[in-house]
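Biologist: Before I rely on any of the words used for this model, I would like to hear what stands behind each of them. Could you take me through them one by one?

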Amino acid sequence: MIQLTDVYKTFTVKDKRSRAKKQIEAVKGLSLTVKPGEIYGLLGPNGAGKSTTLRMIAGLMQADQGQIQVCGIDTKAEPEKARAMVGYLSTDLNVYGRFTPRELLRLFGEFQGVDAKVAERRGMHLLEKLQLLDFADVKMEGFSSGQKQKVSIARALLHDPKVVIFDEPTTGLDVLTAKTVLDLLRIMRSEGRSVIVSTHVMPMVDEICDRVGIIFDGELHGDAAPKQILETWNAKTLDEVFFQLAARSAAEV
Amino acid sequence: MRGALLVCKKEFMELSKDRKTMFFTFLMPFILYPLIFGMMGKLSQKDVASRKGKPSRILLVDSTQVIAPVLKADAKSFELVAAPQGDVKQAIRDQKLEMMLEVDPEASAKLTQHKTFSLNATYDQSDDSSGLALKRLKEALEKQNTSWVQARLGVMGASPELAVPSRIQTTDASTPGLAVSKVLGAFLPYMIMLMMFAGSMQHGIYTTAGEKERGTLLSLLSTSLPRNQIIWGKLIYVFSIGLISVLINLASMGIAMGRMVPSVASTGGSAAQGLGALSSIANPLTLVLTFLLMIPLGLLFANFIVLMGTQAKNTVEAGTAIMPGFMVVIVAAVFSMAPGIEKMAFLPYVPILNVSLAVRKLFSHQANYLEYTIAFLMTVGLAGLLTWLSTRLLNRESALFKV
Ligand SMILES: Nc1ncnc2c1ncn2[C@@H]1O[C@H](COP(=O)(O)OP(=O)(O)OP(=O)(O)O)[C@@H](O)[C@H]1O
Ligand SMILES: [Mg+2]
């Protein structure tokens, strides 16, 4: 269970040229719920606030305003307990190049309070599913981005998290592996976990998401089943919804 | 605490995978000190031997041949050389000869008339061997003067002892090689402090800003490990690396010294004596007291480095932020090598400087336990303060995660 209530996040950045401070409202009053056994897709263009939202749920960042709960635990009040429920994956997260996947998975098992042996067994099982078992004892320094992504997926799911947060999980993966990841997410759903993914790849949303939230400029525009969204926007594809949104925000300015 | 130890274990595991870094951190000192001591031993041996053994080359201008027989009589100390080409002063500066000695042209006549004649000595005060030539000349001349006075007294029928109212007998009170051990005493603390900071800095940047730069920190932060445990783990790691560096440097120093002493001592001579005195550097008490003092200093360094490293966006920025600290350490270390600083009364109360002063005194047989205690307590206080501060600053959620 993931629950966001009226969440805000603002970044202060400095414009190097005008030397003025600028406020970037990355997330503006976002509310959403992901139930157990559900896959929720956050869909939006670059800079819409997807990663920021997911990072806040994962407890990597604190919201300025509003409340975030995972499995009923407030991420601000009990950050460690909340993080223990979460498996987080993102493209701007890297693996420790000096370790082999086996070493990394054992270590992260320990970090998460899982026995090293249990963690290793679970990790190897995941690597097998992701077709990376042959590389379990190879130093990750030379791994391709796809291979690293696979290890990260295994790392994120190692401690059997109730909440799975995948920020662009299929980026850098070939179609075959991407399909494996989607299958994995389906299994997660069938096991009753709450899954939230972000993407700008529309077909993926179509395929696996039970519900979609369209995020644009830090705000949520509609939160429903993919089909329903197409109906309300009177569009054939989700791409079209995007174009409409962009046109609407241009008209507002 | 369990989380901190796990993070620390991870850091050490990462380190163990990197052979090159392991080598430079842990094995280099074992090569470094034998090399330094070997070179110092060789140099001082050679230097003393060359100066004691060789006669001073002197260009003598003595038309009446009054001084020439005096110098020729002591062939061990003096060698008369022909006039060099070009400027004589330049030749002296170039160490082609040690001295030019011009004797009064009327010296012989003045001597028989019982008058004073003069000698003009040109030498290079900045050069040790030239200075030695002057010293030898003065000694030889004093002897000769005495015998001339005694000859004059003989003519007058007086006792020869009239010419020598007193005679000085000297005894060198310095323990053998005190000078050498003073030099090393100033140099070794410098090495230890520098090695500790450099080791901590290198690994500290790797595990803080480096992790941020490589994108691995995010995965660490996404686990259920509390933030402060992650910070503590890194702090313990950086602190341990500093202490391990010190331990290795001290051990290597002790071993190299212990090896060096008997082998050089057997060759005899004052260089051997010098190194003999240095064996006190291999004295366990000196090493243990030095190590004890490095514990709070290491904690101080580690806190500073982790604090700066975690606040930085990348390794370059971290390096820039830590550099001023490194400068302070270098200044403190260089300061401790400067001659005469032990006489400055305020020094035992200046943090960090007092540590290097205390170690310097330990290494040069001048241990002052009051000053040592002051330095120790001050550093403990300072390290405690900085630990408290960095724990408070870094315990915030935003401290580690700034993209
Ligand atoms: N740490 C930060 N500091 C300053 N600004 C930030 C920070 N993180 C995000 N932003 C800004 O917040 C906005 C939303 O960024 P976010 O990464 O959430 O977008 P996104 O939807 O994930 O985009 P993309 O599809 O490109 O990954 C952007 O304008 C970004 O510049
Ligand atoms: Mg993103």
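Biologist: How many residue pairs are in polar contact between chain B and chain A?

Modeller: Between chain B and chain A there are 16 residue pairs in polar contact, both residues at pLDDT 80 or more. A polar contact is a pair of N or O atoms within 3.5 Å, where within protein one must be able to donate a hydrogen and the other to accept it, and residues adjacent in sequence count only if both atoms are side-chain atoms. On the side of chain B that touches chain A, the elements giving two or more residues are helix 1 (2–16), helix 8 (209–214) and helix 9 (217–221) of chain B, and helix 1 of chain B provides the largest share, eight residues. Helices (H or I, at least four residues) and strands (E, at least two) are DSSP runs, numbered from the N terminus.

Biologist: What kind of model is this, and how are residues and chains labelled?

Modeller: This is a predicted model, in which local features need pLDDT of at least 70 and side-chain atom pairs count only at pLDDT 80 or more, while totals for chains, interfaces and linings use all residues. Residues are numbered from 1 along each chain as its sequence is written, chains are lettered from A and ligands numbered from 1 in the order in which they are written, and side-chain values use heavy atoms, with hydrogens and water left out.

Biologist: What makes the meeting of B:K9 and A:E110 a salt bridge?

Modeller: A salt bridge is a side-chain nitrogen of Lys or Arg within 4 Å of a carboxyl oxygen of Asp or Glu. The side chains of B:K9 and A:E110 come to 2.7 Å, N to O, and so they meet in a salt bridge. The count between chain B and chain A is three salt bridges.

Biologist: What area is buried between chain B and chain A, and how many residues does each chain give to the contact?

Modeller: About 2700 Å² is buried between chain B and chain A, with carbon and sulfur atoms giving 59% of that area; buried area is the accessible area (1.4 Å probe) that two parts lose on being put together, summed over both. Chain B gives 28 residues to the contact and chain A gives 26, where contact means heavy atoms within 4.5 Å.

Biologist: Why is A:S194 called buried?

Modeller: Buried means under 20% relative accessible area, exposed over 50%, and partly exposed in between (1.4 Å probe, protein chains only). A:S194 has a relative accessible area of 1%, and therefore counts as buried. This serine is found in strand 8 of chain A, and its side chain reaches the backbone nitrogen of A:M1 at 2.6 Å.

Biologist: Is A:S198 buried or exposed, and where is it found?

Modeller: A:S198 is also found in strand 8 of chain A, and with a relative accessible area of 0% it is buried. Leaving aside neighbours within four places in sequence, A:S198 is in contact with residues including A:L42, A:L54, A:F166 and A:P169.

Biologist: How do you know that B:S252 is buried, and what does its side chain meet?

Modeller: B:S252 has 2% relative accessibility, so it counts as buried. B:S252 lies in helix 10 (residues 227–265) of chain B, and a polar atom of its side chain is 2.7 Å from the backbone oxygen of B:P29.

Biologist: Why is helix 14 of chain B described as largely enclosed?

Modeller: Eleven of the eleven residues of helix 14 (residues 353–363) of chain B are buried, so this helix is largely enclosed by the rest of the structure. The buried residues include B:N354, B:R360 and B:K361. Just after helix 14 of chain B, B:H365 takes a positive phi of about 55 degrees.
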